[in-house]
Amino acid sequence: MDPTKLLEADHREVEALFEKIEQAEGADRTPLIDELASSLQAHMELEEQVLYPAMAPITGQEPI
C-alpha cells in the first residue's frame, strides 16, 4: 500500500480519537489516550522510516 495513503488514514484515525477523547469522561478516556499514543508512535515510525528518507533528496540531509 502507498505510504502516503497510510499516513493520511492515520491522520483521520487520530482526528476521530481526539473527538472520542473530548466526548469521554473520567476513566473512559484512559484507553482512548492509550490508543492515541500507540497510533501516534506507529505514525511517527512510518514517517521516520519511509517518508523522511524519501524526502531527503529534496529537503537535504538536515533533520526535519
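1. L17 counts as buried, because its relative accessibility is 3% and the cut-off for buried is under 20%. Bear in mind throughout that this is a predicted model. L17 is found in helix 1, which covers residues 3-23.

2. What does L17 touch, leaving aside its neighbours within four places in sequence? The contacts are L32, E35, L36 and S39. Of these, L36 can be checked by distance: L17 and L36 lie 19 residues apart in sequence, and their C-alpha atoms are 6.5 Å apart in space.

3. L17 also belongs to the largest nonpolar core, a set of six residues. The members are V14, L17, I21, A24, L32 and L36. Helix 1 and helix 2 are the elements that give two or more residues to this core, and helix 1 gives the most, with three.

4. One core member, A24, has contacts with R29 and L32 when residues up to four places away in sequence are not counted.

5. Helix 2 runs over residues 29-59. Its buried residues are L32, L36, S39, H43, L46, E47 and A56. Helix 1 is included in what covers the buried residues of helix 2.

6. Is H43 buried or exposed? H43 is buried, because its relative accessible area is 7% and the cut-off is under 20%. The residue sits in helix 2. Not counting residues up to four places away in sequence, H43 touches L7, D10 and H11.

7. A straight helix of 31 residues would span 45 Å at 1.5 Å a residue, whereas helix 2 spans only 38 Å between its end C-alpha atoms.

8. Where is the kink in helix 2? It lies at Y52, is about 40°, and comes shortly before the proline P53.

9. Just after the helix, G60 takes a positive phi of about 90°.

Key
Residues numbered from 1 in each chain as written. Predicted model: local features only at pLDDT ≥ 70, side-chain atom pairs only at ≥ 80, totals over all residues. Heavy atoms only, no water. Helix = DSSP H or I, 4+ residues; strand = E, 2+ residues; numbered from the N terminus. Expected span 1.5 Å × (residues − 1). Bend = angle between axes of the 7 residues up to and from the residue. Buried < 20%, exposed > 50% of the residue type's maximum accessible area, 1.4 Å probe, protein only. Contact = heavy atoms within 4.5 Å. Core = buried A, V, L, I, M, F, W, Y, C linked by side-chain atoms within 4.5 Å.
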